[in-house]
Structure formats: structure tokens, C-alpha cells
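Work through the exercises below with the sequence and the model at hand. Each task is followed by a solution in steps.

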Amino acid sequence: MTAPLLSPHLADEQLDDYVDGMLESSAHVAARAHLADCTDCASRLEELRALLALAAAERVPVEPPAELWPLVVASTVAWPQLRRRVLRELRAPLAAVAVAFVFLSVATTMWMGSWSAAGSGGTPAISAYVAEDASFDHALAARDHEHGPVSRERIAELRATLATADDGIRRAPDDEALYRALAERERVLAEIRAVLGRSPRPPRAPTLGR
Amino acid sequence: VVAAITGSHAAAGRAARLERLYHSHAGRVFGICLRMTGDRVRATELAQDVFVRAWEKLDLLRDETNAGAWLGRVATNVVLNARRAERRRWARVEPVDDLAPLAPVSLHTPLPVRRMDLATAMDRLPERARVVYVLHDVEGYSHNEIASMLGIASGTVRAQLHRARRLMRETLRA
């Protein structure tokens with residue numbers, strides 16, 4: 001483990017290894033023989049042993065500062081209790097905040113829904129189309145007589161076409177069918193207005209409400 | 001006090017156990033931290049960490065007759081871990097290797113004086129040498145145990161120990 005003895009005296013490292021029992025057996029025997037004869041090295045060995053004894057004597061408890069235990073309590077024992085107390089104290093405010101949040105969410109959703117309906121331009125429901133078509137039907141019926149300006153066959157044909165268009169609006173299974181039915185209705189109304197002498201109006205956007 | 005602070009019976013029992021450990025071994029724990037760091041403020045912080053660690057692992061300690069050795073090991077690990085973290089933080093700071101001479105010490109010097117000078121000399125050792133010296137010559141760990149704790153070779157531990165002892169001898173001879 002340690003280099004052979006080249007100096008007449010033991011090096012400090014060799015003395016360290018000697019007291020630590022780290023020398024190989026032959027080196028240990030040689031060092032012991034040298035220490036028996038050399039008062040200088042024996043004195044250094046005594047000095048080292050005194051130092052080791054002093055160091056070992058250092059292994060004594062040291063009075064900790066008074067603040068250590070309160071610090072330990074604060075970061076161990078008191079911490080879970082403090083956490084529980086904070087959570088308990090925050091429970092009511094947190095519940096109130098949650099309720100308020102839910103309430104605001106519902107109110108906002110309802111308001112957005114109504115705003116959306118209003119924001120779509122107040123498109124009349126299908127009932128408005130049906131009522132308007134009924135007025136056209138009445139107007140056609142009023143002209144259904146023998147000496148009127150329009151033949152009775154033509155009026156009957158227009159009324160039947162209008163009824164079919166109305167029926168298409170009422171029975172539309174989806175938005176796509178509704179759009180098609182409304183377009184057909186606009187075409188029929190244009191024919192009726194031409195017969196009744198009313199000017200055709202521009203088509204309106206269909207509504208999704210029924 | 002602890003029972004008053006804590007709420008449940010089980011928590012009070014656990015807290016009382018920690019208090020018992022503290023009053024039995026705080027001096028040893030603080031001593032290890034102080035000798036390894038050479039700084040009372042730092043040693044107080046580290047001793048606090050030691051008891052926090054002990055609190056977390058309290059259930060692992062079945063036999064309290066071994067609590068002293070167990071806490072000693074925890075303290076050593078806490079100090080070494082803190083030292084590693086600080087060394088990474090202060091990687092560019094060069095250690096101070098020179099030691100200012102102390103009052104000469106002989107076997108005839110009264111023991112309290114010798115111990116005071118020894119503690120002062122240990123505080124002045126370069127950090128790595130002091131850690132190895134304290135772990136070996138004061139705390140009594142073997143070369144291999146220290147090598148394992150520090151993550152270095154056993155030969156490096158011996159070299160640091162030789163260096164620390166040489167510096168200690170030179171200081172105390174001066």
C-alpha cells in the first residue's frame with residue numbers, strides 16, 4: 001500500500017497508515033522495528049496518537065442553539081396542523097367562490113343564448129311564414145269567382161302550390177330541407193304576387209326556430 | 001407543548017416521539033453539523049433539516065436504541081448533500097489551503113485549551129480535507145464508508161486524510 005522506506009525516518013503518511021492499520025504486513029513490521037529504535041519517529045507517533053485522541057474526544061454533543069427546537073417544530077409537527085387549519089378556514093370562502101362561479105356561468109350562458117337569438121336579426125319563426133302564406137291564400141280566395149281578372153283554374157293551381165310549399169316548410173326534417181322548402185316558397189310567392197299585382201320582395205334568411 | 005399544537009392522538013404520539021429523539025440526540029446531531037461545516041448558523045440550518053428528515057422517516061425507526069447512530073448517519077448525509085449542492089453553486093471558488101498558525105499545543109496543555117485549539121484548527125482546514133478528517137478521526141467512519149458517502153475512491157479519502165492530518169500537525173506544532 002505504501003512505498004518502501006527510503007528515508008531513515010517514517011514519513012507522516014506512513015505513520016498515518018501505521019496507526020490506521022493500512023500498511024502491508026511486511027511494511028508494518030519494518031515500521032514497528034524502526035519505531036522501537038528511533039526516538040524521533042516514536043515521538044512523532046506519540047504526537048499523532050495524541051492528535052487522534054483529541055479528535056476522538058471531539059466526538060461530543062454540542063449544545064444546540066435555543067431556536068433549533070422551535071424551528072424543528074415549525075417545519076414538522078406544526079406544519080400538518082397549520083395546513084389543516086388553513087384549509088378549514090378557507091373551506092367556506094372557497095365554497096362561496098365556487099357557488100358564485102357556477103351562478104355566473106349559468107347566467108352568462110343564458111345571457112349569451114338570448115343575445116345570440118337577438119343578434120341573429122330577430123328572424124321570424126315558421127309560424128310567421130305560415131301566417132303570411134294564409135293571407136296570400138285569402139287574397140287568392142277573394143279573387144276566386146266567375147268574372148274575376150284571373151281564371152278560377154289558375155287561382156286553384158296557385159293555392160294548391162302555396163299549400164304544398166307551406167307543407168314543405170312544416171315538415172322539413174332538417175335545416176337543409178327547410179332551406180329548400182323556403183326557396184320553393186319564395187318562387188311560389190313570386191308567381192302569386194305577379195297574379196295579385198304585388199311587387200316581389202327579396203328573399204329572407206330562413207330561421208332555425210320552429 | 002407538542003400535544004397542544006397537534007390535533008389528533010396519533011399525531012401527538014408521533015410528535016412526542018420526535019421530541020424525545022430531539023432531546024436525546026440534538027447535541028450529537030448539532031455537533032456533527034458544526035464540526036463538518038465549522039459554522040454555527042449553517043449547522044443550525046442543517047440540524048433542522050436533519051430532524052425534518054427524521055420526522056419524514058420516523059416510521060422506519062423501529063428500535064429507538066439505535067436512534068443515535070441512525071440520526072448520526074442522517075446528519076452526515078444531510079451535511080454531505082448540502083455540501084454537494086453548495087459545491088455545485090460555488091464551483092468556481094478556490095478553496096483556501098493555508099492555515100494561520102495557532103497557539104502551540106502539547107500533551108501538557110490543559111485539555112479544554114487543546115480541544116478549543118483543535119476545533120479552531122479543524123475549522124481552518126480546507127473543506128474537503130475537513131469533511132474527511134471529521135468523518136474519519138472524529139466520527140469514526142472507515143475509509144470505505146467515507147468513500148461511499150462522498151462518491152470518491154478510497155485512495156482519495158486516504159490522500160485527503162493524510163493532507164488534513166499533516167495540516168493539523170503543522171498547525172498544532174506551530
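**Exercise 1.** List the residues of H3(A) that are buried.

Solution. Take buried to mean under 20% relative accessible area, exposed over 50%, and partly exposed in between (1.4 Å probe, protein chains only). In H3(A), the buried residues are Cys41(A), Arg44(A), Leu45(A), Leu48(A), Ala50(A), Leu51(A), Leu52(A), Leu54(A) and Ala55(A). As background, an α-helix has 3.6 residues a turn, so residues three or four places apart point the same way.

Two notes on the source apply throughout. This is a predicted model, in which local features need pLDDT of at least 70 and side-chain atom pairs count only at pLDDT 80 or more, while totals for chains, interfaces and linings use all residues. Residues are numbered from 1 along each chain as its sequence is written, chains are lettered from A and ligands numbered from 1 in the order in which they are written, and side-chain values use heavy atoms, with hydrogens and water left out.

**Exercise 2.** Check the span of helix H3 of chain A against its number of residues.

Solution. Helices (H or I, at least four residues) and strands (E, at least two) are DSSP runs, numbered from the N terminus. The expected span is 1.5 Å times one less than the number of residues.

**Exercise 3.** Describe how H7(B) and H8(B) are placed and which residues join them.

Solution. Axes are lines fitted to C-alpha atoms, for helices over the stretch in contact, and angles run from 0 to 180 degrees between N-to-C directions. The axes of H7 (residues 143–150) and H8 (residues 154–173) of chain B come within 8 Å and cross at roughly 105°. Angles of 65 to 115 degrees count as roughly perpendicular, so H7(B) and H8(B) are roughly perpendicular to each other. With contact meaning heavy atoms within 4.5 Å, H7(B) contributes His143(B), Asn144(B), Ile146(B) and Ala147(B), and H8(B) contributes Ser154(B), Val157(B), Arg158(B) and Leu161(B).

**Exercise 4.** Is Arg17(B) buried or exposed, and what does Arg17(B) contact?

Solution. Arg17(B) lies in helix H2 (residues 9–37) of chain B. Its relative accessible area is 18%, so Arg17(B) is buried. Leaving aside neighbours within four places in sequence, Arg17(B) is in contact with Leu58(B), Leu61(B), Arg62(B) and Glu64(B).

**Exercise 5.** State how many helices and strands chain A has, and what share of its residues is buried.

Solution. Chain A has eight helices and zero strands. Of its 210 residues, 30% count as buried.

Conventions. Angles under 35 degrees count as roughly parallel, over 145 as roughly antiparallel, 65 to 115 as roughly perpendicular and the rest as oblique.
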